[in-house]
Amino acid sequence: MAHRSFPRRRFLLRAFAAALPLGLPLGARAGFNFFLSEYTASREELQAEIARRFPLTQRYAEIFSVTLSDPMLGLDAGANRAAITTRVNIASPLMQPSSVNGTASISSALRYDVDALALRLLDPRAERLQLDGVVGRDAQRLQRIGGAVAQELLQGYPLRTFKPEELKFGRKTYEIGDITIGQDEIKVQLK
């Protein structure tokens, strides 16, 4: 039995030794698996990237200011969609009180932007927007405003941006292919 594991161990040592002269920083390649031609980004890695870029604020009709903060990433493997749930604040001097808070959930497909080397949200949809303490027609109007601004703010939003050197292995430069969303990770094909 011991003699059977020796060839496998020798193969792994040779593969490791072959990679060293290529100058590959092992820690920087943690999500890349060039043998399987794929890159895996964990939910935690993507969550950290998203959190650094929030809060996001945009004006609507020069009357309202909508701010998204505290994003939480969700992954829906069945629908192959990513979702961001965020706190939302809508403020206007015309409202009493002058601002309301709530929660927005936005789901989105993903696309790869070749020029920016970025994995981006594609056509985000406001699935749910709930405001605290607002009911009736006022709630409906504010939900439409908050949903429209959230969708606009997140259209094309980068979940992961690659550095050019990350897509190189030895002398080969890889391109990003199919994107698959799992329960706890996003995998992209390297071609």
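Which residue lies over the face of tyrosine 157?

## A charge over a ring

Arginine 53 is the residue in that position, sitting 5.9 Å from the ring centre of tyrosine 157. Please keep in mind that this is a predicted model.

Let us turn to phenylalanine 162, which you can find in the loop between strand S8 (158-161) and strand S9 (168-169). Phenylalanine 162 has a relative accessible area of 4%, so it counts as buried, the cut-off being under 20%.

What is phenylalanine 162 in contact with, leaving aside its neighbours within four places in sequence? The list reads Phe32, Tyr39, Tyr112, Leu117, Leu167 and Ile176. Leucine 119 is 43 residues away along the chain, and its C-alpha atom is separated from that of phenylalanine 162 by 8.3 Å.

## Rings that pair up

The structure holds 6 aromatic pairs. One of them joins tyrosine 39 and phenylalanine 162: the ring centres are 5.2 Å apart and the planes stand at 80 degrees, so this pair is edge-to-face.

Tyrosine 39 belongs to strand S2 (residues 38-42), while phenylalanine 162 is in the loop between S8 and S9, so their pairing ties together parts that are 123 residues apart in sequence. Both tyrosine 39 and phenylalanine 162 are buried.

Technical notes. Residues numbered from 1 in each chain as written. Predicted model: local features only at pLDDT ≥ 70, side-chain atom pairs only at ≥ 80, totals over all residues. Heavy atoms only, no water. Helix = DSSP H or I, 4+ residues; strand = E, 2+ residues; numbered from the N terminus. Buried < 20%, exposed > 50% of the residue type's maximum accessible area, 1.4 Å probe, protein only. Contact = heavy atoms within 4.5 Å. Phe/Tyr/Trp six-rings, centres within 6.5 Å; stacked < 30°, edge-to-face > 60°. Lys NZ or Arg CZ within 6 Å of the ring centre and 35° of its normal.
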